[in-house]
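This report describes a predicted model. The sequence and structure are shown first, followed by notes on selected features.

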Amino acid sequence: MNVGEVMNPKIYKVSPEESLYTAFKTLHEKGVRRVFIEEENKIVGVISYRDLVNVFVNKGIFELIDTKIKDFAIKDVLKINKNENIAHAAQIMLHADVSGLLVVDEYENPVGVVSQTDVLRVLVREFDQ
């Protein structure tokens, strides 16, 4: 089974100039674990729920009032082609200790997100048959 068959085609994006609170609010309202940072129609970073928790725990509230997403976003966005096998996506997530990957087409255009939950759904379906 390939990544394109199990990915979520919805990519939640925020501007690098938005506040950390905006990123957290988007994660909470959309029920997702990561938002991608978009600048000039390109994905330039990612920030996850885990990243935000680490920031909130390690910094004081007054230090974060004017903090922008760009100050904490991870710039190295891990990607996988939509035609890759889902097992390969699982290997990347496991080795990189991340919970999701940006899915791209053959032209490197973002087309969705694949998460650990998506991989687990595939596993459960396989074992239930």
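## Salt bridge between E17 and K70

K70 counts as partly exposed, at 38% relative accessibility. Its side chain meets that of E17 in a salt bridge, with an N to O distance of 2.8 Å. The pair links distant parts of the chain, 53 residues apart: E17 belongs to the loop between β1 and α2, whereas K70 belongs to the loop between α4 (61-64) and β4 (79-81). E17 is likewise partly exposed, with a relative accessible area of 41%.

## Other salt bridges

A search of the whole structure finds 6 salt bridges. One of them joins the side chains of K13 and E38 at 3.4 Å, N to O. Because K13 lies in strand β1 (residues 13-14) and E38 in strand β2, this pair ties together parts that are 25 residues apart in sequence. K13 is partly exposed, with a relative accessible area of 41%, and E38 is partly exposed at 27%.

D118 forms a salt bridge with R121, and the closest N and O atoms are 3.0 Å apart. Both residues lie in helix α6 (residues 116-128), 3 residues apart, which is about one turn of the helix. D118 counts as buried, at 9% relative accessibility, because the cut-off for burial is under 20%. R121 is partly exposed, with a relative accessible area of 47%.

## Nonpolar cores

The largest nonpolar core has 13 residues, and those with the most contacts inside it are L20, A23, V35, I37, I47, L52 and I69. Two or more residues come from each of the elements α2 (20-30), β2 (34-39) and α3. Helix α2 gives the most to this core, with 3 residues.

Leaving aside residues up to four places away in sequence, I69 touches V14, S15, P16, E18, S19, L20, A23, I37 and I47. A second, separate core has 12 residues, including V6, M7, M93 and V119.

## Hairpin of β5 and β6

Strands β5 (residues 100-104) and β6 (residues 110-115) pair in the antiparallel sense over 5 bridges. L102 has V113 in β6 as its bridge partner. The hairpin has 5 residues between the strands, and E108 takes a positive phi near 70°.

## Nonpolar surface patch

Y49, V53 and V57 form a nonpolar patch on the surface, and together they have about 260 Å² of accessible area. V53 is placed in helix α3 (residues 49-58). V53 is partly exposed, with a relative accessible area of 31%.

How values were computed. Residues are numbered from 1 along each chain as its sequence is written. This is a predicted model: local features need pLDDT of at least 70, side-chain atom pairs count only at pLDDT 80 or more; totals for chains, interfaces and linings use all residues. Side-chain values use heavy atoms; hydrogens and water are left out. Patches are made of residues with over 30% relative accessible area and no salt bridge: like charges are joined within 9 Å, nonpolar side chains (Val, Leu, Ile, Met, Phe, Trp, Tyr) within 5 Å. Accessible areas come from the Shrake-Rupley method with a 1.4 Å probe; for residues, only the protein chains shown count as cover. A salt bridge is a side-chain nitrogen of Lys or Arg within 4 Å of a carboxyl oxygen of Asp or Glu. Helices (H or I, at least four residues) and strands (E, at least two) are DSSP runs, numbered from the N terminus. Buried means under 20% relative accessible area, exposed over 50%, partly exposed in between (1.4 Å probe, protein chains only). Two strands pair if DSSP finds at least two bridges between them. A nonpolar core is a set of buried Ala, Val, Leu, Ile, Met, Phe, Trp, Tyr and Cys residues joined through side-chain atoms within 4.5 Å. Contact means heavy atoms within 4.5 Å.
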